[in-house]
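This report walks through a few local features of one model. Please look over the sequence and the structure before reading on.

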Amino acid sequence: MGTLFRRGTTGGTAKVAEVITQAWGMPVTKIDLSNAETDYSSLHLEKEDIAIIAVPSYGGRVPSLAVQRISDIHGDHTPCVIVCLYGNRAYEDTLVELNDVAEKSGFKVIAAIAAVAEHSIMHQYAAGRPDTEDKIELSCFAKKFLEKINSDSTKFPALQIPGNRPYKKAGGADLVPKAGNTCTNCGLCAKQCPAQAISKENLKVADSKKCISCMRCVVQCPHSARNVNGAMVSVAALAIKKACSVRKGNELYI
């Protein structure tokens, strides 16, 4: 049985995870780590399960909410592949941190993947990715993972994953979406927010202390009423332009 943990907010994480699980060709149970209402402590996986834990990289780290929720899940030496998505800049300490979190929760990390997906805020970077080339490559990665866990070996050495311990300092939410005049107070943004940063009593503004700048409310709004400060986005886009100018490939550690 395949089990999919997915903490995606704008679609890229889900797309990559689905490419990988489709290559496995087995039934998949999807657990959305962005759902604030799920009781993650009630989730238990067995040795016979296969897991994929996929998260986006936020400032070179695993999103703090994902860390908390994965930590509540119980694995039993469950073999898994960890996946981090990044917008063609850098994923820095995301994979090594995700490895540590998964292992602490009872998973045995057999492989790690760094995959490129369209940037969640500055969509001009890695636009349209994962594309056809990416999907072919990711499917190949997925099959190599299955070959490894189906091998005769009962012991798997620790992976050599790039990253630092201690991890880089986590950044705050610099870009907090706000609602404009086209907001109809439908409340979908509050319902969809993984951090519960939007109050149903005040839908216009998100709590900057809770907001993680995931942009899910921006993407999900049916009236395109929520946006971030355009000037700040332009400054941020210029700052990472050089790092994002060359197409980066997906990486497999196995």
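Where is the place of P166? P166 sits in the loop between α4 and β6 (178–179). Helices (H or I, at least four residues) and strands (E, at least two) are DSSP runs, numbered from the N terminus.

## Basis of the model

This is a predicted model, in which local features need pLDDT of at least 70 and side-chain atom pairs count only at pLDDT 80 or more, while totals for chains, interfaces and linings use all residues. Residues are numbered from 1 along each chain as its sequence is written, and side-chain values use heavy atoms, with hydrogens and water left out.

## Cis peptide bonds

Most residues other than glycine have a negative phi, and most peptide bonds are trans. The bond from R165 to P166 is cis, with omega near 0°. The bond from R129 to P130 is cis too, with omega near 10°. P130 lies in the loop between β5 and α4.

## Around R129

R129 is placed in the loop between β5 (107–116) and α4. Is R129 buried or exposed? Its relative accessibility is 6%, so R129 counts as buried. Buried means under 20% relative accessible area, exposed over 50%, and partly exposed in between (1.4 Å probe, protein chains only).

A polar atom of the R129 side chain lies 2.9 Å from the backbone oxygen of K248. Leaving aside residues up to four places away in sequence, R129 touches N88, V116, A117, E118, D134, R247, K248, G249 and N250. Contact here means heavy atoms within 4.5 Å.

## Positive phi

M215 is not a glycine, yet its phi is positive, near 70°. M215 lies in the loop between α5 (188–192) and α6 (216–220). At 4% relative accessibility, M215 is classed as buried.

S224, also not a glycine, has a positive phi of about 50°. S224 is in the loop between α6 and β7 (226–227). Here the relative accessibility is 54%, so S224 counts as exposed.

## Aromatic pairs

How many aromatic pairs does a search of the whole structure find? The search finds two. One of them joins W24 and F145, stacked at 5.5 Å centre to centre with 25° between the planes. Rings of Phe, Tyr and Trp (its six-membered ring) pair if their centres lie within 6.5 Å; planes under 30 degrees apart count as stacked, over 60 as edge-to-face and the rest as tilted.

Why does this pair tie together parts that are 121 residues apart in sequence? Because W24 lies in helix α1 (residues 12–24) and F145 in helix α4 (residues 132–149). Both W24 and F145 are buried.

Methods: A polar contact is a pair of N or O atoms within 3.5 Å; within protein, one must be able to donate a hydrogen and the other to accept it, and residues adjacent in sequence count only if both atoms are side-chain atoms.
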